[in-house]
2 protein chains.
Amino acid sequence: MTDVIDCPFCEPQERVLKDNASAQVMLSDPRKVPGHLLVMPKRHVEKPWDMTEQEVQDVFELIFFVERRLIGQLGDGCDIRQAYRPFLHQDALKVNHLTFHVIPRTKDDYLYSVAERYEQDLFAELDDLEREAVIKLLK
Amino acid sequence: MTDVIDCPFCEPQERVLKDNASAQVMLSDPRKVPGHLLVMPKRHVEKPWDMTEQEVQDVFELIFFVERRLIGQLGDGCDIRQAYRPFLHQDALKVNHLTFHVIPRTKDDYLYSVAERYEQDLFAELDDLEREAVIKLLK
């Protein structure tokens, strides 16, 4: 796994704010909103399904911890986002090391007004062809 | 929990495409992109940290299953998103029952070109005051 060599999350000791047996928390820098945190397995994992059961458990123990600390302080709610995008090369905004983003949210916040409101227009009712095609994929 | 009474995900037997002991998969309808799926605990949970360890495990077993079926077919990658937004009332696009969205993604796809590219402009470097404030919250 040549990617490990240049992985900023594999040797981040001084950035780690909190950890447990197999997962760790860092501040996102750059960040989208104040309180934007990163929670990830310590081990270099790239595909979500390569996480062990213990890593899933440890990642969510930390996500739940930080959500409860953020909510009421930096937001009224929180998003959890994980983007598996092997079609993008690693750069300052995209690291291959699997990461869950924790993002404090508030009604009509900046993230909503700048970007997310446009997503609402994408919503379309499922038609039967599409429904059947997806159901077939999961069979 | 009065919300349970009108919860579309608490009695969705005919919509469930796949399940395991404590979690289930449905098609999102309306959906943002083809292959937009919902994975959730069967039990009515609203706060992420109210999920049991078993529910976290079962939800991710199903997320990993559907991601591997979708990738290569309806996208080259996949997003996982969970939005805990108690400040929004339940409606057609927002259900209180805790849900993880699985969304197939491809480079410069419609979701990116319509909405997500604007999020890039939000990225800002952390300044020391903000860094210290968030670190203090997690102490």
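In which sense do β4(A) and strand β4 (residues 77–84) of chain B pair, and over how many bridges? The two strands run antiparallel to each other and are joined over seven bridges, where pairing requires that DSSP finds at least two bridges between the strands. Within this arrangement, A:Gln82 stands opposite B:Ile80 of β4(B). The model is a predicted one, in which local features need pLDDT of at least 70 and side-chain atom pairs count only at pLDDT 80 or more, while totals for chains, interfaces and linings use all residues. Residues are numbered from 1 along each chain as its sequence is written, chains are lettered from A and ligands numbered from 1 in the order in which they are written, and side-chain values use heavy atoms, with hydrogens and water left out.

Turning to the interface as a whole, 68 residues of chain A contact 68 residues of chain B, contact being heavy atoms within 4.5 Å. About 6400 Å² is buried between the two chains, 67% of it on carbon and sulfur atoms; buried area is the accessible area (1.4 Å probe) that two parts lose on being put together, summed over both. On the chain A side, A:Trp49, A:Leu122 and A:Leu138 lose the most area to chain B, together 12% of what that side buries.

Charged groups also meet here. Twelve salt bridges cross the interface of chain A and chain B, each a side-chain nitrogen of Lys or Arg within 4 Å of a carboxyl oxygen of Asp or Glu. One of them links the side chains of B:Arg81 and A:Glu119 (3.2 Å, N to O).

Conventions
Helices (H or I, at least four residues) and strands (E, at least two) are DSSP runs, numbered from the N terminus.
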